[in-house]
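Please take me through this complex at the level of its chain contacts, its ligand surroundings and its backbone geometry.

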Amino acid sequence: MWGNSCQGLGVEALQSGSGNAFKWAGRDLIISRPECAPPFGIGEAFPECTIQPYLETDMSVNRREFIKIGALGLGSMSLAPKVFEWGPSAAKTFPVQPGDVVTRAPTYCEICFWKCAGWAYTKNGRPWKIIGHDEDLHSHGRLCTRGSSGLGLYNDPDRLQRPLIRVEKDGRQTFKEVSWDEALGFIAERLQALKETHGPESLAMFSHGNGAVHWKTLVKAFGANCIAAPSFAQCRGPRAAGFYLTYGETVGSPERTDIENSRCLVLIGSHIGENLHNGQVQEMSKALDRGTEVIVVDPRFSVAASKARHWLPIKPATDVALLLAWINVILEEDLYDRDYVARYTVGLDKLKEAVRENTPEWAYPITSIQPEVIRETARLMALHAPATLVHPGRHVTWYGDDTQRSRAIAILNALLGSWGRKGGFYLPQSAHVPAYPHPPFPKPAWSPCDFTRALYPWALSPVASHVRDMTLDPPDPEKQIKAWLVYGSNLIYSLPQPEKTIAAVQKLDLMIAVDILPSEITGWADVVLPECTYLERYDDIRTSPGRVPQIAVRTPAFEPAYDTKPSAWMVKKLAGMMGLDDYFPWADMEEYLDHRLQQVGSSLEEMHELGVKTLPSLGPNYFQPGEEVTFNTPSGKIELYSQQMADAGFDPIPRYTPHAEPPDGFYRLLQGRSPFHTFSRTTNSPIFTELMPENELWINPQVAADWGLKAGQYVKMQNQDGKTSQFPIRTRITERIRPDCVYMVHGFGHSDPRLKRGFGRGADDNEMCTTVKIDPLMGGTGRRSNFVTFITEGV
Amino acid sequence: MAAKKRYAMVIDTKLCIGCGDCVVACKMENEVPEGFCRDWIVESVTGVFPNLHMEYRSERCNHCSNPPCVHACPTGASFVDDESNITLVDPDMCTGCKACIAACPYDARYVRPEGYVSKCTFCIHRVREGLDPACVASCPTHCMHFGDLNDPESNVSKLLESRPFKVLAPEAGTEPNVYYLI
Amino acid sequence: MEEFITTHRMNPDIDPVLTIWRWQVSVYLFLGGLTAGLLILGALSVLQRRKAAPTAAQRLLVWTPVVLGVGLFSLFLDLEHKIHVYRFYTTFRVTSPMSWGSWILLLVMPVSVLLIAGTMRETWPGLYAWAERKGLRGLATFSEKRLMGLARLSVALGVALGIYTGILLSAYGARPFWNTAILGPIFLVSGLSSGAALVQWMSRDEREHRLYTRIDVGLIAFELFLIGLMLIGMASGPERQQAAAHLVFGGELTTYFWVFVVMIGLLLPVLLEVFHLKGRPQPRFIAPAFVLLGGLIFRFFIVEAGQLTTWIGY
Ligand SMILES: Nc1nc2c(c(=O)[nH]1)N[C@H]1C(S)=C(S)[C@@H](COP(=O)(O)OP(=O)(O)OC[C@H]3O[C@@H](n4cnc5c(=O)[nH]c(N)nc54)[C@H](O)[C@@H]3O)O[C@H]1N2
Ligand SMILES: Nc1nc2c(c(=O)[nH]1)N[C@H]1C(S)=C(S)[C@@H](COP(=O)(O)OP(=O)(O)OC[C@H]3O[C@@H](n4cnc5c(=O)[nH]c(N)nc54)[C@H](O)[C@@H]3O)O[C@H]1N2
Ligand code: SF4
Ligand code: SF4
Ligand code: SF4
Ligand code: SF4
Ligand code: SF4
Ligand SMILES: [Mo]
């Protein structure tokens, strides 16, 4: 079984020593938690990088209609209890008046997955502000823009308010508001029926977020084990695979990148500064202040690029060529860390051999980066090594050869000797807080994930897009996925080829969505369970890795608004109805948390006071000079050359293969982050939308001139497969992007009218992702092989 | 009586990433009504691809040493705090005539829904408690600094001594107290 | 260069362009100027004849407090925090033209009333009779005795009021289109012109009518000259002022300015007046009506133009 929590395998697992032994690829592997086992068994079929356009839009056979607000009626709105009114009532200049009652509760942020700890404040009983926790290693007392805006989620007037069940009314499908008993009873009954007809294995779960723990337990207790998250095959999966194949460990989250101490920081498309992962932003700023050499490779003049001494405006999709050329220079000019490479790596000679031809001159016409620039930057990296960090990126599902690109990055770092060294990658530590004991889970007879493993050998976690595809088109008619439980993941926006997602939902017997907003995915559900926001609930203890082990708690700062509930409450009640009480032997979250905290010498009471607690360090953060290290790879070394990849029929050393070019009049569509939003989850919320109500399409002035486009004009996009964007998008004519591509921020253009602020504001990049390049190593969905042109008429 | 303070904000444009955290922090701390803000981020891009330069600036009231807003105010609602150079608005005296808005070259003021004028207060309520303003305290890049320019030992004085800087629209003669390190 | 606010500042009345002052202020500025014009012309007529006389200029004095009152009401409508209106009179801020203005207005009101009281026996016998019935004769006598002094004071206050409406705006260094010292004189001349037009309109006496028509031709010509001077000054001034001047030389307000302010508001009435003087009669209200309309358009234009120009281009 894999949870998406399995990303952190590595040091934590190896150091704790008390874990279970697993066999993988013929070797023993020690993992502390059984659910963190990597995939077993290498499949036979190794598809080439496949291009799969998906455009099926004929929805005439819909079993599920997408339910819009019209069907909901206005009744629900007038019933709404009054939520925090933010603003005009504070009539004086000073926000705090004598006599004001201010309280605070510890929490950690859920706006993205960096999980910064902070304090949620109330003033005179009303929510006031959220600020960072000084002791917290993720935030150092400062939340990012989105974390500071967290009340916007709580304040969103469009929030789900009470459970909904899909019913047929006057020949139309609509949602009926029901009681919690009714909603959960409905689910219990339908899951029982599912178990009888298709077996428990036919339930698949999608999740993203900390509230999912108990749902995962429930799913496993039920007898299923397919729990996928878009944070793997749509995000950092290729990086996990690439580093796993090289170092036997992944980079984890928060990344073990020692940016703070780096003397040379290389960012390949990683747009820290817009990507606001807090710790990284803070460390990058420290590094910049210290004068760290920054090299940014990005087709766009990103914020990071604007801070860098070297900006390499690379032609998109050619990074592997640049990486190989860098490796070439470092090897040809003998710039690598000889001792480190000799001590820790295997395959140097084969690597030298493989990249011999990949000179900067070779890379120049491919990447458009001048050979001198390639040489100069390579030398800089070597000059500062091992305090040179070639950042592995995070969202790396770009072109389908992403594991190989991540491998190239991993190899480059190995040559510079930065893994396990100060200023490179530190050795992370995370707190080990024993789980609340529960009976063993039943063993599923089969798992949809078996098919994934067979297809993508280094899928270290379930592949959400593949689970979807298997739902639509089961590889074995006897083993079908017939129910989805979707927790906190707006799959319509996070999985490419949204038409396919919708088509897959049509084939289900049951679709349950747990969300805080009427996000698009909820419009396709049979039952919608409204969760309260992270500010209104307890959640599990944060134990994520860092330089020292630390724990943090999330406690409810405010009463849940409307009739919303925390997942723990929902799951416990549902488990009761399903006869699975045994798996939830605690009375409530307070008891659950207190029990777990007691085992690390703390208590819930203490954590209410502290919020964050640092535990004793487990050891050094870097390799000691001359230390012998056994890596968790088949050779026990860092694998510059990967025999296991060769055995499985893959390139053992990354190789550059050209990608499709945009047709005439089309531009490669690139996507990224805005500091003001997280995916599609904040693009409807107050505060967030004030700062950025819609996204823009970045277009180079040359291109704009060719098309006669004006700044701020609305256009629609049409892609190579003829797909036109549902909503128009404003143009931003800017020098900050190459002329062969356009760029937009992901997460806008909501299509569910229940999301009143976000509906039709800006456009959705995901609907343009009809073509996907699948990473054959781990099933990642490369989304940047879509090309768009502009439609100006009738917009 | 302690010497009058000359509070200043010094913002390092070399580090500012334009994330807007300062804007949100201000909104939350000061309960700025929806649709209004006391500070904002300017992005300034110069050059032609691929030779580009970009600067982000977090802007707000400059707490000018020569504040035309205060000069323009017919009622005295806009005033300079006795102990410092912080420009404030007294809601109880403000008529909403908007003379001060017309007078401010930085468009730093706005009329609140209740009818009186508001703007950045340098978080005087926090500063009096010895805290940094909310925006400064939240900035994830630590590119904002706050302190007393009358104190040569203060962080801000030292930064201005050691680094090149600029202020906005110096020609307007307002003598701004928000400085940008360049 | 690309320079813009990324956090989408949308402070009402400021973004995307300043619109703090709308028709209320333009109307007030116009009526304030008209008041000044009427007061000055009426008082001058008193001074010239060394007595109260039923000239149209003097008869019109009776409207000054009314016109000013309407103007002030319009200004009151602009206040966002109306209950605090009394705050204008709990202090005097020497640096604030608006404060000066409030106090000038406070003086203009009683002085104009006294001037009316001092002239009404001649100009509005009915009103005088009414005042007498109400026991206000003392007031009339008081004023009549000091009529010349009151008239001089009125001229001074009228000039102050007329100039102040311009100074109010020109004091804003933050708004380049306003920030020119000529604005005060222009507003004064424009106010006088409006006043003269009204006299011209109301005058039953052909000589007086022609006189004020001639005066108005002169005033408008002078106003045109001053406006020209202002624009030249701006166009040859520092960068921001040049940018401000661009507003009417190819910029956003070019048509508004040349067609409405200059052609319809100034040239057309002055031509009509000239035609009239040259003996091509037309309905007598036409030219003055255009002058008044022109005055109003001009205030609207200036109020708008100033708000469109700033130091900061985002
Ligand atoms: N086209 C395109 N697709 C992408 C990406 C891209 O850049 N472009 N990025 C990819 C990446 S990197 C990632 S990590 C994934 C992210 O994928 P997702 O995590 O699926 O992304 P979101 O769109 O944020 O959806 C989150 C959902 O959770 C709900 N939610 C928020 N808080 C809570 C809560 O407390 N409880 C519950 N129950 N629900 C909650 C929100 O309302 C929303 O519906 O997307 C991937 N997909
Ligand atoms: N504010 C904010 N921060 C976030 C998130 C968020 O939603 N909002 N999400 C978080 C999550 S889950 C993730 S995974 C990360 C993702 O953040 P990253 O891993 O930093 O981002 P990517 O989306 O991979 O990269 C986007 C950048 O890649 C550049 N790019 C596009 N194509 C190419 C190419 O071919 N080559 C190169 N070299 N560059 C290219 C784009 O111009 C853009 O600057 O962000 C995290 N941080
Ligand atoms: S990085 Fe920002 S959004 Fe993510 S957890 Fe931290 S504060 Fe929240
Ligand atoms: S919070 Fe700091 S880095 Fe972010 S925009 Fe404001 S000043 Fe710049
Ligand atoms: S910035 Fe504007 S509001 Fe602030 S003191 Fe200066 S003139 Fe006044
Ligand atoms: S709006 Fe208020 S603060 Fe501003 S000038 Fe008028 S009275 Fe003074
Ligand atoms: S100093 Fe305070 S009031 Fe001023 S912008 Fe910063 S947070 Fe807002
Ligand atoms: Mo991600």
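**Contacts, ligand shells and backbone**

Five residues of chain C are in contact with seven residues of chain A, contact meaning heavy atoms within 4.5 Å. The model is predicted, so that local features need pLDDT of at least 70 and side-chain atom pairs count only at pLDDT 80 or more, while totals for chains, interfaces and linings use all residues. Residues are numbered from 1 along each chain as its sequence is written, chains are lettered from A and ligands numbered from 1 in the order in which they are written, and side-chain values use heavy atoms, with hydrogens and water left out.

Reader: Which three residues of chain C supply 75% of the area that it buries against chain A?

Author: Chain C and chain A bury about 470 Å² between them, with 49% of it on carbon and sulfur atoms; buried area is the accessible area (1.4 Å probe) that two parts lose on being put together, summed over both. The three residues that supply 75% of chain C's share, more than any other three, are Glu2(C), Thr7(C) and His8(C).

Reader: Which residue of chain A meets the side chain of Glu2(C) in a salt bridge?

Author: The rule finds one salt bridge across the interface of chain C and chain A, a salt bridge being a side-chain nitrogen of Lys or Arg within 4 Å of a carboxyl oxygen of Asp or Glu. At 2.8 Å from N to O, the partner of Glu2(C) is Arg732(A).

Reader: How many salt bridges are counted between chain A and chain B?

Author: Here 52 residues of chain A are in contact with 52 residues of chain B, and the area buried between the two chains is about 4,100 Å², of which carbon and sulfur atoms give 57%. The side chains of Lys129(A) and Glu29(B) form a salt bridge at 2.6 Å, N to O. For chain A and chain B, the count of salt bridges is seven.

Reader: Of the residues around ligand 4, which come nearest?

Author: A residue is taken as near a molecule if one of its heavy atoms lies within 4 Å of it. The shell around ligand 4 divides into nine nonpolar, four polar and one charged, where Ala, Val, Leu, Ile, Met, Phe, Trp, Tyr, Cys and Pro count as nonpolar, Asp, Glu, Lys and Arg as charged, and the others, Gly among them, as polar. Of its 14 residues, the nearest are Cys16(B), Cys19(B), Gly20(B), Cys22(B) and Cys139(B).

Reader: How many residues of the shell around ligand 5 are charged?

Author: The residues around ligand 5 include Cys61(B), Cys64(B), Cys69(B) and Cys104(B), and also Arg109(B) and Lys119(B). The shell of ligand 5 divides into seven nonpolar and three polar residues, and the number of charged ones is two.

Reader: What is omega for the cis peptide bond that joins Ser253(A) and Pro254(A)?

Author: Pro254(A) lies in the loop between helix H8 (230-247) and strand E11 (264-268) of chain A, where helices (H or I, at least four residues) and strands (E, at least two) are DSSP runs, numbered from the N terminus. For the cis bond from Ser253(A) to Pro254(A), omega is about -10°.

Reader: What is the phi of His142(B), which is not a glycine?

Author: His142(B) belongs to the loop between helix H5 (134-138) and strand E8 (144-148) of chain B. Although His142(B) is not a glycine, its phi is positive, at about 55°.
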